[in-house]
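Biologist: I'd like to go through this structure with you, starting with the helices and then moving on to a sheet. Could you bring it up?
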Amino acid sequence: MSEPTPDFDLAVIGSGGGAFAAAIRATNLGKRVLMIERSTVGGTCVNTGCVPSKALLAAAEARHVALDASGRFPGISTSVGPVDMAGLIGGKRSLVETMRSDKYVDLIADYGWELRQGNAVFAGTQDDPVLEITGQDGARESVRAAHYLVATGSAPWAPPIEGLQDTGYLTSTTAMELEEVPDSLLVIGGGYVALEQAQLFARLGSKVTMLVRSRLASVEEPDASRALMGVFADEGIRVVRRAAVSSVRTDPATGGIVATAVVSGGKEEFRAARLLVATGRRPVTEGLNLAAVGVKTGNRGEILVNSRLASSNDRIWAAGDVTGHREFVYVAASHGSLVVENAFNNAGLEVDYRRLPRVTFTSPALAAVGMTDEEANEAGIRCECRVLPLEYVPRALVNRDTRGFIKIVADAGTGRIVGITAVAKDAGDLAAAGVYILEAGMTVEQVANLWSPYLTMAEGIKIAAQSFTTDVSKLSCCAS
């Protein structure tokens, strides 16, 4: 008995970065592509993630610089008024709508794949999976494809804290829709979302307290945590470490939030007008009926994939946050293209995160590429490290902001650089440069002797490399 003829070569569930990368690549290969989106086209990044959050962070930094300028730069006098939060959010929405139209919706017509607005659920069998699609108008259709890609992303997750569900707590999504700046804000979490949102609201005028289970940016270098602790202290953000929140309630007298936490063995109460829970995200797979078509998921709901992004059903693939892999839009986009190459060209490509750059858009920013000191040691690499304070980087001196550092982790035997971490203005650009350094297998000596333009933050990488053999305090700023 012959197999049914597929309606499409590729059916994509979702419309974020991974979905679009896959659809574009497949269309360029001449494949018939269907995309199904149950909500707003564009996914997390453009709608509720990278684009809106970084737009608001940029606005908050502009306000902070204006407040701080007279202290940093002699002869400069500035002043700021209260934040028009409704106006700020309105501007953010306008930017999002423009980018969604230009970079997502319009591209569908340009490339010519089909879009269904509705909900998709797997049906059929493992050998013959199909999608049952219910449109927004209630119409139903069954679609069969040669290959399927699940790119449904992730959503904010809250831990099971007593009373939390009754408090109207904020997530990273809902916080960016507030029409007023809260007088005070409790933030539960210490990861990149918590860091960005805490500084955002502090710079807009909120009194912010962070309750953190371990330390800030716990997956990165301890040096980064210490640097950010100092930055946040300077900006009036209180960080309470080793805090495990046990219950949350609404204060009937004030309407504010009261959180009870165990801090270093003792119970403490923390009060604020609003509560933001930034304790991570979870893959969105509920309701897809994955088990019916033999797709296995993990304990957080993530689709379990191999290094080629194939699920336990060889016709169903996954890309982006739904895999439980690192939650960056450029990871999702890379996944989408890789899936198409593997599905249609049998390319055998595998995901490789060894030189993945990661950026937290605080100010100064935290960025890293490659291994941390601890990771190198765990991998059996006898490493040699140097931490360069920003006071030795001319660009930081000119900026009158030397908060932060640049750290290089190198193989002691070969001198090969295996990791770079920075807390600095434009640290993301340093991590991007680091990708090329690590990809080329460059050594500390090579980087120390490369051309580097003066008065750029990237020059700090060269100076950090020079610090392995030179007392950088004795370098001339213009003759390094």
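Biologist: How do the axes of α6 and α7 cross?
Modeller: This is a predicted model, in which local features need pLDDT of at least 70, side-chain atom pairs count only at pLDDT 80 or more, and totals for chains, interfaces and linings use all residues. Residues are numbered from 1 along each chain as its sequence is written, and side-chain values use heavy atoms, without hydrogens and water. The axes of α6 (residues 192–204) and α7 (residues 222–234) come within 11 Å and cross at roughly 20°, the axes being lines fitted to C-alpha atoms over the stretch in contact, with angles from 0 to 180 degrees between N-to-C directions. Helices here are DSSP runs of H or I with at least four residues, strands are E runs of at least two, and both are numbered from the N terminus.
Biologist: Which residues make the contact?
Modeller: On α6 they are L195, A198 and Q199, and on α7 L228, V231 and F232, where contact means heavy atoms within 4.5 Å.
Biologist: Switching to the sheet, what is the strand order?
Modeller: The order is β11-β12-β13 in an open, antiparallel sheet of three strands, with two strands counted as paired if DSSP finds at least two bridges between them. Because β11 (243–250) and β13 (266–272) each have a single partner strand, they stand at the edges, and one side of each lacks a neighbour in the sheet.
Biologist: How many bridges join β11 to β12?
Modeller: Seven bridges join β11 to β12 (residues 257–263), and the two run antiparallel; A244 stands opposite V262 in β12.
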